[in-house]
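Here is a short report on a predicted model. It takes up a pair of helices, then the surroundings of the ligand.

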Amino acid sequence: MTASNYEYDVIVVGGGPAGSTTAALTADYGHSTLLLERDREPSFKIGESLMPGTYSTFERLGVLGNLKASNFPRKHSVQFFGASGRASVPFYFSENNPHESSVTWQVLRSEFDEMLLDNAREKGAEVRRGVSVREVCFSDNKASGVKARLSDGSVRELVAKVVVDATGMSALVSRKLGTKAMEPNLRKGSIFAHFEGGVRDEGIDEGATLILSTSDRSAWFWYIPLQDKRVSVGVVGDLDYLIQDREGTPQEIFEEELAKCAPMQERLAPATQLFPMKVTRDFSYRSSEISGEGWVLVGDAFGFLDPIYSSGVFLALKSGEMAADAIHVAIERGDFSGAQLGCWFEEFMPGMEAMRKLVYAFYTSTFSFATFLKANPECLQGIIDILSGLVYEKDVTYIFEPMGKMCDLPEDVDSYTVSL
Ligand SMILES: Cc1cc2nc3c(=O)[nH]c(=O)nc-3n(C[C@H](O)[C@H](O)[C@H](O)COP(=O)(O)OP(=O)(O)OC[C@H]3O[C@@H](n4cnc5c(N)ncnc54)[C@H](O)[C@@H]3O)c2cc1C
């Protein structure tokens, strides 16, 4: 650590997309910023398909050039395969918005996260890898810093005006405060791995995300083409069905589901699995508080919806950006209240809520997007805007009244408030 008395304006815990974005921007504002990342080296992470809506944050961070120069496959579209195996027409984002921001990327997370961490470092943040934060320290209900195990094994208390929890699903602060609540209607599990050599479409479809239902509709697969002939493949289903009440190893379960998805079998026929299946479960949750005196949550440390629309990294970047602006004003005014540090909640939540409602619609067995759009063609634009991640630029809320007549949508979040 370089600061002599270990005092910083901002300590960011976690070097994923949310943490790196917050740290890059607070450092860019000129605030002394320390980012602590547990992993000593870049490592495997799931969450590889980006949404076009990430563009504006990349632009602000100044990383568009790096992304354009990378060998991450370009993602122009998403395509859905029904239970019969029939494919929808690919949905090309540029048809909605003919601008370069409509082409996004499929990223190898170890490289992508490192790119964003390097950017935070270049903007002036002090970045420390191999430092695991044990706890956020509170005195008189105010976060005062963190207790961290440094790379040499020693434990230190580091002091800051603002602590940003960007620890992803570890959700350090909300677990400690008991504010983390699971989404009872979205209890899902997932089994996934990388493969080499799967069949790809050609031309601009080569980097498309494919979402494929199994024949009995009890689960769905993602197929995300990555660089160097690598492809990320995973299956998602109800937690009880896919994992909890199921016999067999993750590999066996994956193969049983694969046997029920002919188009996915065809794509994986020539492919080699690169590592044993990984499992993630019960990933839909959020904290009932987004901030408090001296602390604020960003990205998955606040909440995660579901992987179906690839919205996780988008929301991580967006929340990191909004939180950084709030922190800047907090430091300028000397106001470290929860209300100030979480003042972006009201702007952020409607976008997250729109995506959450569309997730609920997807998992309603009696609901079909085709039937819904036939009855309500004026809602197509709203759905396209949500799939593109344009929920902060466009009003998409008008689709939920007619949609609510065809499926049960969650209540708006009046019970989720910023602590004052
Ligand atoms: C099955 C599945 C599939 C998904 N697919 C997609 C997808 O296709 N597209 C998409 O956009 N999103 C996807 N996501 C979501 C995406 O992975 C996350 O939303 C995204 O990574 C959140 O970024 P983050 O920065 O908040 O957290 P993370 O990326 O998880 O980063 C948190 C960081 O904090 C570090 N950390 C944790 N605890 C500590 C500690 N105590 N001290 C120091 N460091 C710590 C971790 O090492 C990690 O680097 C998927 C999620 C799941 C479960």
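## Helix pair

The axes of α1 and helix α5 (residues 109-122) come within 8 Å. They cross at roughly 20 degrees. Angles under 35 degrees count as roughly parallel, so α1 and α5 are roughly parallel to each other. The crossing of α1 and α5 is left-handed.

## Residues at the helix contact

From α1, the contact uses Pro17, Ser20, Thr21, Ala23, Ala24 and Ala27. From α5, Asp113, Leu116, Leu117, Asn119 and Ala120 take part. By class, the contact of α1 with α5 has seven nonpolar residues, three polar and one charged.

## Ligand shell

There are 39 residues around the ligand. Which come nearest? Gly16, Gly47, Gly168, Gly299 and Gly312 do. Four elements are listed as giving two or more residues to this shell: α1 (17-28), β2 (33-37), β8 (132-139) and α10 (312-333). The largest share of the shell, four residues, comes from α10.

By class, the shell holds 17 nonpolar, 16 polar and six charged residues.

## Domains around the ligand

Which domains supply the shell? Domain 1 (1-72 + 107-183 + 285-420) gives at least three residues. Domain 2 (74-105 + 188-281) also gives at least three.

Conventions: Residues numbered from 1 in each chain as written. Predicted model: local features only at pLDDT ≥ 70, side-chain atom pairs only at ≥ 80, totals over all residues. Near = placed C-beta within 6 Å. Nonpolar A, V, L, I, M, F, W, Y, C, P; charged D, E, K, R; others polar. Domains from an automatic or database assignment. Axes fitted to C-alpha atoms, helices over the stretch in contact; angles between N-to-C directions. Parallel < 35°, antiparallel > 145°, perpendicular 65-115°, else oblique. Left-handed = near helix turned anticlockwise from the far one by under 90°. Contact = placed C-beta atoms within 7 Å.
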